[in-house]
Amino acid sequence: MADFLKRLVPKRFQKKGVVIPVVRLHGPIMSGGSRFRPALNLASIAGQLEKAFSMKESPAVALSINSPGGSPVQSRMIYDRIRALAEEKNKRVLVFIEDVAASGGYMIAIAGDEIIADATSIVGSIGVVSGGFGFPELLKKIGVERRVYTSGENKVILDPFQPEKESDIEYLKTLQAEIHEIFIDMVKARRGTQLADDPALFSGLFWTGRKGLELGLVDRLGGMREEIRTRYGKDARLELVGAQKGLFGRRAPGIGAFGPVDQIAAQAVAGLAETLEEKALWGRYGL
């Protein structure tokens with residue numbers, strides 16, 4: 001509708017300068033999401049990406065990334081969608097890193113044709129991590145007996161209510177190594193010869209934007225507004241592409257819609273657990 005109305009305005013009254021759409025990819029990367037904790041995943045961001053890349057007169061799309069990582073599956077899906085749209089619409093993708101683009105956040109960042117970071121941004125953490133808690137002794141103390149019935153000897157692998165098994169840990173590490181290899185291949189394919197020959201590059205370590213520039217993880221240091229004006233002129237404008245909304249200005253249904261009281265309570269409890277997980281993700285980078 002906005003594009004249609006814009007075409008009705010005589011060109012002499014339209015604002016001059018190139019318009020660059022901006023999509024914000026902020027927060028931990030997780031499937032699902034709720035009103036209590038909106039999540040960054042393909043479902044939540046697909047509409048904004050589609051809208052941004054569909055702006056015909058814009059030569060590029062700017063992505064503002066601020067994410068400590070999360071789901072490797074969602075990270076890769078977002079990456080794939082960005083690259084597919086960029087090729088389909090023939091748009092250049094400029095990635096701007098704010099506080100952090102680490103782990104899955106960096107996986108999304110390499111979808112950019114160029115990556116610009118602040119000198120104090122955190123980048124990297126090219127690795128895979130799994131975490132959890134174990135409660136076998138707690139059950140004994142509170143007098144609870146764990147009863148699990150399975151068809152298949154490995155159906156309760158890594159059960160937090162049972163003692164760890166060495167075979168389970170080895171199997172998990174095998175999966176992690178495979179995902180890590182995929183991540184490394186993606187970085188090498190996108191960053192190519194820009195990458196420094198440093199053995200720590202794929203160790204899971206993370207660095208400041210300034211060090212990331214030396215390592216070839218980013219292309220330049222700077223900010224979005226200044227970079228866009230340098231490229232496209234002083235009249236170039238940034239246009240934030242927001243989430244899709246319904247008829248009365250509310251967010252489109254699907255994520256975070258309220259339900260009965262018991263559902264609200266369940267969402268609140270789940271939201272608390274997810275908030276703690278989110279804080280742990282940010283905390284790894286001192287944020």
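## Helix α6 and its neighbours

The buried residues of α6 (buried: under 20% relative accessible area, with exposed over 50% and partly exposed in between, for a 1.4 Å probe and protein chains only) pack against α3 (72-89), α4 (104-109) and β4 (114-117), where contact means heavy atoms within 4.5 Å. This is a predicted model, in which local features need pLDDT of at least 70, side-chain atom pairs count only at pLDDT 80 or more, and totals for chains, interfaces and linings use all residues. Residues are numbered from 1 along each chain as its sequence is written, and side-chain values use heavy atoms, leaving out hydrogens and water.

Helices (H or I, at least four residues) and strands (E, at least two) are DSSP runs numbered from the N terminus. Among the buried residues of α6 are Asp168, His180, Phe183 and Arg191. Just after the helix, Gly192 has a positive phi of about 50 degrees.

In strand β2 (residues 60-67), eight of eight residues are buried. One side carries Ala60, Ala62, Ser64 and Asn66, and the other carries Val61, Leu63, Ile65 and Ser67.

Strands pair if DSSP finds at least two bridges between them. Asn66 in β2 is the bridge partner of His26, while Val95 in β3 is that of Leu63.

## Val23 in strand β1

Val23 lies in β1 (residues 19-26) and counts as buried because its relative accessibility is 0%. Not counting residues up to four places away in sequence, Val23 touches several residues, including Ile45, Leu49, Leu63 and Val241. Gly242 is 219 residues from Val23 in sequence, yet their C-alpha atoms are 7.4 Å apart in space.
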